[in-house]
Amino acid sequence: MTKTTRIALLASLLTSGATLSAQAADTSAAAVAHPAEWPKLAMKRQRDPKVEARVDAMLRRMSVEDKVGQLIQVDIASITPKDLETYKFGSILNGGNSAPNNDEFAPAAEWLKLFDAFYDASVKRSDGRPVVPVIWGTDAVHGANNIVGATLFPHNIGLGAARDPELVRRIGAATAAETAATGIDWSFAPTVAVVQDDRWGRTYESYSEEPSVVASYAGAMVEGIQGRVGADFMKPGHVISSVKHFLGDGGTGGRDQGDTRVSEETLRDVHAAGYMTALPAGALTVMPSFSSWNGAKLTGNKSLLTGVLKERWGFDGFTIGDWNAHGQVPGCSNEDCAAAINAGLDMFMYSGPKWKELYANTLREAKAGTIPAARLDDAVRRILRVKVLAGTFDAGRPSSRPFAGKFDLLGAPEHRAIARQAVRESLVLLKNNGVLPIKAGADVLVAGAGADDIGMQSGGWSLTWQGTGVTNANFPNGQSIWSGLSEAVRASGGKATLSATGEFTAKPDVAIVVFGETPYAEFSGDRSTLEYSPDDKSSLALLRRLKKAGVPTVSVFLSGRPLWVNPELNASDAFVAAWLPGTEGGGVADVLVAGRDGEPKADFRGTLSFSWPKRLDQYVLNRRDVGYDPLFPFGYGLSYAKGGQVPQLDEARPANASGDQNALFVRGRLASGVLLTTTGAVTQSRVDRLAQEDSVRLVFGGTGELALQKAQPMDLSRESNGQLSLILDYRVTQAPTGTVTLGMAGGRAASVPITGALRASGRDWAQLAVPLRCFADGGVDMMKVTRPATIAATGKVGLDISGVRVASAPPGPISCGSR
């Protein structure tokens, strides 16, 4: 049996729910679930006969073309309202990087205006067949985080530390109201991943490593977003929720879209915990995961999507794919995947220019019976049921709905108060040698890169997908941590001074240093170890400088996961895990700074929902594990009422540790398995940027090439699908006289001209980003990249290179056709 045949057999077995034969040896039989071994769920929402009759009546009048259209959701960057006059698709979405007029900072009114246009086109028909309005899905994962002015709450990891389900319910309701103000009627939240490997870039989207904590929050968040069944369920101001990512996304070994290799028992008892409360609470949609379980893609796993989710659990909403995830199912492409529908996917999430091909192929397969008529009707019935329950058919144009256009809800005082409470409750005090709370009347120095940066304290999914390219001005209803501290210190009769670098003339009574991870989302956030900032120790140097000067120092650490910070802990008199608190930085001051009466507004109450590592290689560190040995265990957290001392910690670091899985060359070091070679008229030497010889100097005397080569091919398919870029940190030392290209090779080679960008950049250090899709469209096999970066020139040019990596692009990446 050939490998191709084995893969085809495996795909057939997984999508039919049959038992794997011993011959299908490429993937374990453990990838098939046994629904009878899963518990039944008691759903609070029961089917309404009137709703079912209305759905059935519509379904009978729909053509197969109408039905197939409902199965497709397209990103607004790939489709126009005019298209929906012809193609009656079920849904649209705004992906992480898409927005009205391609402006991620578009005002709320533009979002509402665009939804009106899509809605009007979707209901425009004169053939007598049912009018089915389109719905709009968005990632409102910690507030209506795509909208300027919205309240951004702490990311889930911080909420997990608060241990307050009722607060989470209120956050869900506030988020829904602010989302509804723009007319948008569907949120891709909550994430109920039970993260087991903290290297994963989406760890901050998880409430906890503990299933019980996730379960306590999942149902509460669904009820906040959608309303409570039997009370305010899907009443105005509530939106559709989507529980994600089904199933096991938190167990992929720290790699986004990876493979969760666990038993069915662990999948059920650990990773499914959130669904046990979210689905009974009435969740209307579920998003299958990009990832795999024991080698089989979840988006094509019928035993789970149909057998467990729909049949055993009785989920009667619909499943919505993740971003082109169906294209990763064996035998599928982004434009053709009957296998996913047959497995139990109800709606494709598609991004790209070829959505007409997806529609045509799905229609052909529906007509040919490749997608059975009963399966097609089941998927459409589920979509229609959700739309009826959500009020889609009766609500009218988005701008006519009760909450639409109430833009004063964005950053409303009552929502900001909830967010500020969430910040207070989420802070975890890890160390306090008597310096906290800050005494009334103190002279306080506030330092660190994160002190006055609302974008940094908010993290990923904050206006932009990766949370990058934003300034404080983009958060008109937000407050930085510095601003909050300054207000509190002055109110106590003290003095506060901001100096990001920690410089001072007169010695302060105390310093508060705010530092941590810079924003990221999936792909970019994956790490190879848990060492904090392995390639930039400036924060540590600042802490040590203050310690040497005898200044008592409080560290406020911003992060999306527990990290190895032993050196930083040693250099601090107090250390606060602030996670990613969002736009209400004043909540930090409420706990850190005492008022004139000598007491802060609140004590610390947060406790760790993730175990904290004592070594940088403890990326799998969960209290159920054999040999559990954390620095701070699950549930740890000091307070003013409950103190505790932290001894001097071991700062030993493995010599070969490296932090970024997608860094090819950084700070003078090549990543493991990467070779640097030159051919032709090019010479290389070393030059300083931030440290001695941390950059490469290239001098092209004519035609030549520099290449970064991998000893083993890299798989960059997920990064390409995720819209990441090849990023170059460079400085021009001699303007190019010929053409210069940035390229990649795998099977075939492809390159993009960058001459114009180099000529325009001047002599200062700059950054250049080329989307990976440019190379993929040029024929590079993104699953087998052998040369992840090449710089080629046809004439003279001088370049200094300090970094090459795959990451989210900064604003204004080079287009594929740049010159």
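1. In this note, a residue is called buried when its relative accessible area is under 20%, exposed when that area is over 50%, and partly exposed in between, using a 1.4 Å probe and protein chains only. By that criterion D139, with a relative accessible area of 10%, is buried.

2. The model is predicted: local features need pLDDT of at least 70, side-chain atom pairs count only at pLDDT 80 or more, and totals for chains, interfaces and linings use all residues. Residues are numbered from 1 along each chain as its sequence is written, and side-chain values use heavy atoms, with hydrogens and water left out.

3. The structure contains 49 salt bridges, a salt bridge being a side-chain nitrogen of Lys or Arg within 4 Å of a carboxyl oxygen of Asp or Glu. One of them joins K244 to D139, with the closest N and O atoms 3.1 Å apart. This pair links distant parts of the chain, 105 residues apart: K244 belongs to strand β5 (residues 242-246), and D139 to the loop between β3 (135-138) and α5 (156-162). K244 is buried at 1% relative accessibility. Helices (H or I, at least four residues) and strands (E, at least two) are DSSP runs, numbered from the N terminus.

4. A salt bridge also connects D316 and R47, whose closest N and O atoms are 3.2 Å apart. D316 sits in the loop between α10 (302-312) and β10 (318-319), and R47 in the loop between α1 (3-16) and α2 (49-61), so the pair ties together parts 269 residues apart in sequence. D316 is buried, its relative accessible area being 6%.

5. E522 and R202 meet through their side chains in a salt bridge of 3.3 Å, N to O. Because E522 lies in the loop between β15 (510-516) and α18 (538-548) and R202 in the loop between β4 (186-187) and α7 (211-226), the pair ties together parts that are 320 residues apart in sequence. E522 counts as buried at 10% relative accessibility, and R202 counts as buried at 6%.

6. The axes of helix α6 (residues 165-180) and helix α15 (residues 413-426) come within 10 Å and cross at roughly 145°. Axes are lines fitted to C-alpha atoms, for helices over the stretch in contact, and angles run from 0 to 180 degrees between N-to-C directions. The contact (heavy atoms within 4.5 Å) involves L167, R170, I171, A174, A177 and E178 of α6, together with H415, I418, Q421, A422 and E425 of α15.

7. Strand β13 (residues 443-447) pairs with β14 in the parallel sense over 4 bridges, and L445 stands opposite T497 in β14.

8. In helix α17 (residues 481-491), the buried residues are I481, W482, G484, L485, S486 and V489. The buried residues of α17 pack against β13, α16 (454-458), β14, β15, β16 and α20 (586-592). After α17 comes G493, which has a positive phi near 95°.

Terms used. Pairing = 2+ DSSP bridges.
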